[in-house]
Amino acid sequence: MEIEAMRKAEKKLITLDFDSSALLPLDSVSSFNVGYLFPWKILSMLGISAICRSIAQRNNFKFDLEEIMRLLVCARIIAPGSKKGTLDTARSFYRCPLPNLHDVYRALPVLAQERYFIEKEIYKNSQKICTRDSAILFYDCTNFYFEIEEDDDFRRYGKSKENRPNPIAQYGLFTDRGGIPIADICFEGNRNESFSMRELEKTLEKDFGFSRFIVCADAALNGFENKLYNDRKENGAYIVTQPIKKMKKTDREWALDRRGWRILGSEKCPGEGSVKEPRRIWCCLRRKKGGS
């Protein structure tokens, strides 16, 4: 309702009267941030209202989930901060509805539970407003540290990307070919990140309806289980990096052998003999090991 009122107000002629001799009231706000209106509009285009209504029908809560979700997303873009800090920041947003802080906290478990439904619907609706190329998907993981002394069930001690001694949480993200996010996953900081890729792939296949795509990932996700999972799928394929120096001798000789390579989009072979440079300097593809 607030959005519709704002849209109608935009079409009306507005007259402003100013008194040059008047003083501003004490402690009043005389400037507002309107930058949040841009992501607010994008959320409307992505059908956030219908998504939140659908979630509300399946759950028993009294707060306005759409109002909270819009605020959290817009404030995260404009000025990232804590949930309480987000409400403080939003007080400078022009005509932005402000929920109660306790309602924001109550909404968090609902958002966590419905995360893949939200991401699936946003992905589906986004295809109506922009081109989404999901033939090739990119995946990577990172982690975030917490300035706490003791770990818990989720924030655990693990290998920090920033080499910090604090407990961490792991985060993985799939994007489409254009780099636009599709789905993500969070998991404990002491777990190896390799499993997360195939687990999130299963979610994309089951809930998002993905059936044919190529996964591209870095060496940290180049595990046997991930390659086996994508190799066994009827329409699956993968591209991962592998350090030449860490390969076994037979694998290294196979990778550096020019025979069997083909330049992408051509039947031309780069040449015969072996070279010292990694294969990635060519835009080449090779068939399964043992074939040409």
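**A first walk through the predicted model**

Thr241 sits in the loop that links β5 (236-240) to α10 (249-256); helices here are DSSP runs of H or I with at least four residues and strands are runs of E with at least two, numbered from the N terminus. Residue numbers start from 1 along each chain as its sequence is written.

Thr241 counts as partly exposed because its relative accessibility is 43% (buried means under 20% relative accessible area, exposed over 50%, and partly exposed in between, with a 1.4 Å probe and protein chains only). Leaving aside residues up to four places away in sequence, Thr241 touches Ala217, Asp218, Ala219 and Asn222, where a contact means heavy atoms within 4.5 Å. Ala220 is 21 residues away from Thr241 along the chain, yet their C-alpha atoms are separated by 8.6 Å.

Now for the whole protein. It has 10 helices and 7 strands, and 35% of its 292 residues count as buried. Of the contacts between residues at least 6 apart in sequence, 55% join residues at least 24 apart. The protein exposes about 19200 Å², with carbon and sulfur atoms supplying 53% of that area (Shrake-Rupley method, 1.4 Å probe; for residues, only the protein chains shown count as cover).

Helix α4 (residues 65-78) has two helical partners to look at. Its axis and that of helix α5 (residues 83-90) come within 10 Å and cross at roughly 80°, so α4 is roughly perpendicular to α5. Axes are lines fitted to C-alpha atoms, for helices over the stretch in contact, and angles run from 0 to 180 degrees between N-to-C directions; under 35 degrees counts as roughly parallel, over 145 as roughly antiparallel, 65 to 115 as roughly perpendicular, and the rest as oblique. On the α4 side, Leu71, Leu72, Ala75 and Arg76 meet Lys83, Thr86, Leu87 and Ala90 of α5. That contact holds 5 nonpolar, 1 polar and 2 charged residues (Ala, Val, Leu, Ile, Met, Phe, Trp, Tyr, Cys and Pro count as nonpolar, Asp, Glu, Lys and Arg as charged, and the others, Gly among them, as polar).

With helix α6 (residues 101-113), the axis of α4 comes within 10 Å and crosses at roughly 90°, so this pair is roughly perpendicular too. Here Leu65, Ile68, Met69 and Leu72 of α4 meet Asp103, Val104, Ala107, Leu108, Val110 and Leu111 of α6. By class, the α4 contact with α6 has 9 nonpolar residues, no polar ones and 1 charged.

Helix α8 (residues 194-206) has a set of buried residues, including Phe195, Met197, Arg198, Leu200, Glu201 and Leu204. Their cover includes helices α7 (115-126) and α9 (224-232), along with strands β1 (136-145), β2 (168-175), β3 (181-188) and β4 (213-217).

Asn143 belongs to strand β1, and counts as buried because its relative accessibility is 5%. The Asn143 side chain reaches the backbone nitrogen of Lys161 at 3.0 Å and makes a polar contact with the Gln170 side chain at 3.3 Å. A polar contact is a pair of N or O atoms within 3.5 Å; within protein, one must be able to donate a hydrogen and the other to accept it, and residues adjacent in sequence count only if both atoms are side-chain atoms. Not counting residues up to four places away in sequence, Asn143 touches Lys159, Ser160, Lys161, Ile168, Ala169 and Gln170.

Methods
This is a predicted model: local features need pLDDT of at least 70, side-chain atom pairs count only at pLDDT 80 or more; totals for chains, interfaces and linings use all residues. Side-chain values use heavy atoms; hydrogens and water are left out.
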